[in-house]
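Dear colleague,

I am handing over the structure below, and after it you will find my notes on what the coordinates show. Please read them with the model open beside you.

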Amino acid sequence: METETATIRVARYRPEKSEKPYFQEYKVPYRKDTVVLDALNQVKAEQDGTLAYRWSCRMGVCGSCGANVNGVPKLTCATFLHEFKGKSLTIEPLANFPVIKDLVVNIDDFMEKLLKVKPWIIRDKQSPPEEGEYKQSGKELDRYAQFSSCINCLLCYAACPIYGLNEDFLGPAATALAYRYIADSRDQGKKARFPIVHDLEGVWECTLIGECSVVCPKGVDPMLAIQKTKILGAMEAPKTMLSPEALKAILPRGGE
Amino acid sequence: MEHLTHDILVVGGGAAGLRAAIAAVERSPKLSVAIVSKVYPMRSHTVSAEGGMAAVTREYDSLDSHAYDTIKGSDFLADQDSVEYFVKQAPHEAVQLEHWGCPFSRDPDGRISVRAFGGMSVKRTLFATDKIGFHLLHTLFQTSLKYDRIHRYDEWFVTSLLTNANRVEGVTAIDIRTGELFTILAKAVIIATGGCGRVFQFTTNGWIKTGDGMALAYRAGVPLKDMEMVQYHPTLLPNTGILITEAARGEGGYLINKDGERFMKRYVPGKMELGPRDIISRSELTEIKEGRGFEGRYGSYVELDLRHLGEKKIEEKLPFVKELAEKYVGIDPAHDPIPVRPGQHYQMGGVHTNIEGFTGLGGLYAAGEAACVSMNGANRLGSNSLTECLVYGAVAGETVADYVAKQPTPSFGNPVQGLAMTEETRIYDVLLKHENGERTSTIRTDMQKGMEEHVGIFRDENSLREGCRIIEDLKKRMTNSTVDDKDRVFNTDLVSALELDFMLDCAEAITYSARARTESRGAHSRIDYPKRDDTSFLKHTLAYRNPNGPRMEYLPVTITRWKPEERVY
């Protein structure tokens, strides 16, 4: 495997030095198996310790290292430098989030949304563990399994044009996780979550562009979760959402 | 300096820390519990565990069998009371996790599926495809969100424990986002920061595994126990150190050498690929040493062959293995064997605790990989560690909840305030302002190379003496280190320097403890002392911090029902 040299262009933002973001170029060695994160680590260790970014597992599961690579949200640990041979390579913080420093973004908004969808099993009555596990068939597991694979890397929010325009939009990952619990045979919390996912800023904001599902590194399809939640909502609406306000929320919002 | 107050502080937001926090608030309805973690909890390294978690859940299985397998796996260095408590609580914790929503894989009858694992005599490892760590962590984290009495300090880095008259009264911690140092007072602190794998060069451990909690306790005078017991996992991808789960062998995968032989027949014919990790890792190196390994860009390796399992089984049971092999090696495991070699994976040793997680220092508790409750002894069995985090995390949380009910709230006076000011000076006036010293990355690299070369799978007096010398030298170099980044906001350069300082303490304890144990037991393999020596070393190593290298003491192993015997598989 040959070692070659690439030039990477990294977005810098250092609020204590300057209000303005800028780009800085670094030359980095790479081989066929070098990922973008390796390049950032090479810079940090050998060239410039001031560069700030998050990372940990380096195997695509902790969800820390997302960044916009040539404008596309990616896990930097799972994006190979050689794919950009002969092209320029620009690394920027995930779009649609406030930047704290360099590639580090503020994810407070997502953490609040995650809490809002009540991402835990809700039951009318808890059984004590002594009574044994809740049985679940393979079919029941399949109904929510893919949505439980969300690693909270937030690439989907960086790709979502609706979230870019309206930060109150509940957004892809939080909805996928809400649906993950709604669709779990052990959960009885549909009623508690419905007002949240069907809120004015809930699933009905989504216009089915589907970028979230394209960029997801774990094969989760948040757009499908949003669709399924809409269908469930439409079916339940006559029963649970008789207030004019709630009805307004689930009606199509064309023209707005 | 500002100060904050809680009843209980949990340092670390992985499996053990989250379980402890939930246990504490469930135990006592009024407590204020805070989790302080240097990363958002869902980024914790628990996320990377793959194969499963062990618990007796089947009619054909028994607690005694799980206990015996664990004790034999430990090469009889485990405290048997600790193992007995563990196996007894394991099924309860597994069901509790299921009730909280963990998406376990299921049998056709709806029960949680079990699979075979190394050193376990029957199938008892519960799993969620090959991503149990990820699912367990997210289940616990999301469940923890429903308790509004669990406060979180996400991306806060604990730099020291504040002690007063043999009692811990809180911590100092940097809010990484602002760079500001805070004192957080508490009646008790639970350390749940995980392992210290990053002291080695070739490891499955994430960047964040820097032994912070071990070093915090060590600095507060608590001994680190059995630190020489370092687990090397047999199947890492060469170059990256990415873990390929033992479940790949549990589902029937073979280890083969360049002659196409299943070489484990030479070492543990009764277990083959499902032998314990210490033995398999040594066997791989022996194959390589004797010329039966493959040669590659990143050194010698053996192969993990899953081809005979077929696409369907790999897709169903080992999807993450497939994803990792495809992404990082460019091969499809249904058609090509996966190159693997052994590397650092887990620290059996850690902060010395008793069965309740108590460290001996008033108010200080520990659980999970950071702790050493001595249930893993000299070699941990795969799939016991996640269960350990749950069982002993819960114990620590409950014990501490009871303990703090009788304790007064610490006040922000001296000596705590003075210690906090000293810490502020150490970090901001000394370390951050120091110019023209050595860059921390070179010190880190030299530590990792030194540990890899001298404190690896095979050790002897010469290598360990050199290892000790290197660590002492690096500690001196560390006092003249410089960080490039002088900002306060999100200064990862500064945090890395503090982590490196912690890692050097862990490396010291590992190396000195290894040098002092002149026998071979479990993962600790001395070429110059190849036999286990129960007469002299059926005991735990306790390393106490000391300016000129640690002071060693020893503690007898607790034997309840299983007499030490030769470990043959």
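Helix α10 (residues 384-404) of chain B has 21 residues and reaches 29 Å from its first C-alpha to its last, which is close to the 30 Å expected at 1.5 Å a residue, where the expected span is 1.5 Å times one less than the number of residues. Helices here (H or I, at least four residues) and strands (E, at least two) are DSSP runs, numbered from the N terminus. Of the 21 residues of α10(B), 18 are buried, so this helix is largely enclosed by the rest of the structure; a residue counts as buried if 20 or more other C-beta atoms lie within 10 Å of its own, as exposed if 12 or fewer do, and as partly exposed in between, with C-beta atoms placed from the backbone.

Two remarks on conventions belong here. This is a predicted model, in which local features need pLDDT of at least 70 and side-chain atom pairs count only at pLDDT 80 or more, while totals for chains, interfaces and linings use all residues. Residues are numbered from 1 along each chain as its sequence is written, and chains are lettered from A and ligands numbered from 1 in the order in which they are written.

Chain B as a whole has 15 helices and 24 strands. Its radius of gyration, taken over C-alpha atoms, is 23 Å, close to the 25 Å that the globule rule (2.2 Å times the number of residues to the power 0.38) gives for 569 residues, so chain B is as compact as a globular protein of that length. The C-alpha trace of chain B spans about 65 × 55 × 50 Å along its principal axes, and buried residues make up 63% of the 569 residues. Among contacts in chain B with a separation of 6 or more, 75% are between residues 24 or more positions apart, a contact being a pair of residues whose C-beta atoms, placed from the backbone, lie within 7 Å.

The largest nonpolar core has 260 residues, and those with the most contacts inside it are I8(B), V10(B), V189(B) and I190(B); such a core is a set of buried Ala, Val, Leu, Ile, Met, Phe, Trp, Tyr and Cys residues joined through C-beta atoms within 7 Å. Helix α14(B) gives the most to this core, with 14 residues. Leaving aside neighbours within four places in sequence, I8(B) is in contact with several residues, including A24(B), L31(B), V33(B), I190(B), V400(B) and V404(B).

An automatic or database domain assignment divides chain B into domain 1 (3-229 + 348-404), domain 2 (234-342) and domain 3 (416-528). The centres of domain 1 and domain 2 of chain B, taken over C-alpha atoms, are separated by 29 Å, and 21 residues of domain 1 are in contact with 19 residues of domain 2. On the side of domain 1 of chain B that touches domain 2 there are five nonpolar, twelve polar and four charged residues, where Ala, Val, Leu, Ile, Met, Phe, Trp, Tyr, Cys and Pro count as nonpolar, Asp, Glu, Lys and Arg as charged, and the others, Gly among them, as polar.

Between the chains, the contact takes 45 residues from chain B and 42 residues from chain A. On the chain B side, α3 (80-99), α4 (132-144), α9 (319-329) and α14 (492-516) each supply at least two residues, and α3(B) gives the most, with five. By class, this side of chain B has 16 nonpolar, 15 polar and 14 charged residues. R111(B), in the loop between α3 and β4 (114-115) of chain B, touches E133(A), K135(A) and R106(B), not counting residues up to four places away in sequence. With 17 C-beta neighbours inside 10 Å, R111(B) counts as partly exposed.

A cis peptide bond, with omega about 5 degrees, joins N414(B) and P415(B), and P415(B) lies in the loop between α10 and α11 (416-431) of chain B. L154(A) is not a glycine, yet has a positive phi of about 70 degrees; L154(A) is buried, with 24 C-beta neighbours inside 10 Å. D75(B), also not a glycine, has a positive phi of about 55 degrees and sits in the loop between α2 (63-73) and α3 of chain B.

With best regards

Conventions
Two residues are in contact if their C-beta atoms, placed from the backbone, lie within 7 Å.
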